[in-house]
Amino acid sequence: MEATVHREHVDLLVIGWGKGGKTLAGTVGRSGRRVALVEQDALMVGGTCINVACVPTKALVHDAGARRPEDDPASWFIQAVKRRDTLTAAMRKKNHSMLDTVDSVLLVSGHAAFTGPREVTVDQGEDTLVLTADTVVINTGSVPTIPPIPGLEGLGEGFQLGGTIHDSTTLQHADPLPRRLVVVGGGYVGLEFASMFAHFGSEVTVLDRGSRPLKHEDEDVARTAVAIMEEDGVRFRSGASVTAIDPGAAGTSSTAEATVTYEVDGAEQSIGADAVLLALGRTPATAGLGLDAAGVVTDERGFVQVDEYLHTSVEGVFAIGDVKGGQMFTYTSLDDHRIVADQLSGGGQRSLEDRVAVPYTMFLTPPLARVGMSLAEAKSWAEENGRHLSVASKKVADIAAMPRPKIEGDPRGLITVVVDTASNLILGASLQHVHAEEVINLVALAIRHGITAAELRDSIYIHPSATEALNEVLGGLVPAE
Ligand SMILES: Cc1cc2nc3c(=O)[nH]c(=O)nc-3n(C[C@H](O)[C@H](O)[C@H](O)COP(=O)(O)OP(=O)(O)OC[C@H]3O[C@@H](n4cnc5c(N)ncnc54)[C@H](O)[C@@H]3O)c2cc1C
Ligand SMILES: NC(=O)c1ccc[n+]([C@@H]2O[C@H](COP(=O)([O-])OP(=O)(O)OC[C@H]3O[C@@H](n4cnc5c(N)ncnc54)[C@H](O)[C@@H]3O)[C@@H](O)[C@H]2O)c1
């Protein structure tokens, strides 16, 4: 049969089913304009977050935390993975129908590659679809970084991820639950998985090259989080530079043992594991995307370069989400869509510059949530600007007016809020306690809208909630040392 080339012109072409792109496709499509959205992987409909990242991992974190000591680790894990799979399948279906039901949105399956500045080709077996558009949005996300560690050369050829060597996607389906897990990398993925698998019942060791875990956070914040994880069974090796990984039996057998070799202060050590998680950051998903054919410029790490309005180097081509680098969160990808929507049909004013006090949370047990400056950062800022700081800091267990953590059986953690003394404005906060991922949004809103520490302290909050900690903790503001 002769190959057919189909051509289609649309108002908006979105490459990749990421958070910002799918939202933009829906908004623009519902306004009646013609939209095409291309996704290369049927199991990624809806994007990374709902399929392999935020949602499934937080479902697993939740179920790991619900395991009682008497529950069998292996079967508990199997049940949790089943629930994870059911949840993601339902969300994938819903995501598909949300766009499939919009008449002017064309959903395209296949790998998109630029063949011109605003022209993309999608191979569909025998046929080829050539899409041209007035506006193109690159929303292809990121993939796990696999550095060239000796021993991993055969990855993808001699052996695949998912035997003894894992990334954050394959480890979610580890079979059986690893008895000993070594996590390489102590960032978001590393620590969330370390905490989660320790709760599932694995022996977990985290190897990180940093001088201490959570080195970007204040020392007492990091110390508290690490002590909690250690209490839950996680072991840490800091200053550990991994020099080799032997996947054992080619990494193909789930009964094989891997060996990770690392150096601490020049001394070589090694550790055996049933599973090794590589959690060493994310690389922009631009392989085979043909950015050169479009003239889209990337930075030295391969992220698509954008200005504050998310324009790439090519007119009419935007990049949003992880592929453009910077903060890699689902909610920043969503906010990227607001910037592009404003360019397409708003005042064109919204930009990355408007983005202040973006909170983040590491979903440990209990979660560690942060916004604004750490105390160390605030001290440098105060010194440079001739300001004085006040600090309120209290262990969660000592906060009498916040019984919620005791009700839920986990009164661990620490709350610290840093305030500019003269203006009483909040500069930053670090919250580790149950529901910290919710309370941090309120503190972020206060920072963004100039609500003072006294106003937050004297607000009426639900009892018994986690938010009411602010009544008591902010009552203890003292000048920073
Ligand atoms: C384990 C893990 C846990 C995380 N947890 C959280 C969390 O709790 N909260 C949070 O906010 N963030 C979390 N993140 C980060 C978050 O998942 C990402 O920031 C977010 O999903 C990025 O979305 P995006 O819009 O950039 O695109 P993505 O959702 O990554 O979508 C990109 C899509 O493009 C497709 N694609 C790629 N190339 C092509 C091509 N050439 N043609 C067609 N399709 C293509 C991909 O298949 C993919 O579906 C987590 C990340 C990981 C890895
Ligand atoms: N809760 C959330 O919001 C959440 C959860 C998971 C992931 N994410 C997003 O996904 C991104 C990726 O997460 P991640 O944990 O993979 O990356 P990360 O950047 O958070 O952490 C990577 C860690 O690996 C270490 N590292 C890098 N190369 C190394 C090497 N060669 N040897 C030893 N250590 C090395 C780094 O020092 C760092 O501690 C995050 O930046 C975050 O934006 C968010």
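**Exercise 1. At what angle do helix α1 and helix α4 pack, and how far apart are their axes?**

Before we start: this is a predicted model, where local features need pLDDT of at least 70, side-chain atom pairs count only at pLDDT 80 or more, and totals for chains, interfaces and linings use all residues. Residues are numbered from 1 along each chain as its sequence is written, while chains are lettered from A and ligands numbered from 1 in the order in which they are written.

*Solution.* 
- Step 1: find α1 at residues 19-30 and α4 at residues 73-100. Helices (H or I, at least four residues) and strands (E, at least two) are DSSP runs, numbered from the N terminus.
- Step 2: read off an angle of about 30°, with the axes 9 Å apart. Axes are lines fitted to C-alpha atoms, for helices over the stretch in contact, and angles run from 0 to 180 degrees between N-to-C directions.
- Step 3: look for who touches whom. Lys 22, Ala 25 and Gly 26 of α1 meet Asn 95, Met 98 and Leu 99 of α4; contact means C-beta atoms, placed from the backbone, within 7 Å.

**Exercise 2. In what order do the six strands of the open sheet come?**

*Solution.* 
- Step 1: the order is β18-β19-β22-β21-β20-β23, with antiparallel pairing. Two strands pair if DSSP finds at least two bridges between them.
- Step 2: spot the edges, β18 (360-362) and β23 (478-479), each pairing on one side only.
- Step 3: now zoom in on β22 (residues 426-432), joined by five bridges to β19 (residues 368-372). Here Ala 369 stands opposite Leu 431, and Leu 368 has Gln 432 as its bridge partner.

**Exercise 3. Why is β22 largely enclosed by the rest of the structure?**

*Solution.* 
- Step 1: count the buried residues: seven of the seven in β22, so the strand is largely enclosed. Buried means 20 or more other C-beta atoms within 10 Å of a residue's own (exposed: 12 or fewer; partly exposed: in between), with C-beta atoms placed from the backbone.
- Step 2: see what lies across the strand. Helix α9 (residues 375-385) lies across β20, β21 and β22, running at about 170° to β20.

Key: Contact = placed C-beta atoms within 7 Å.
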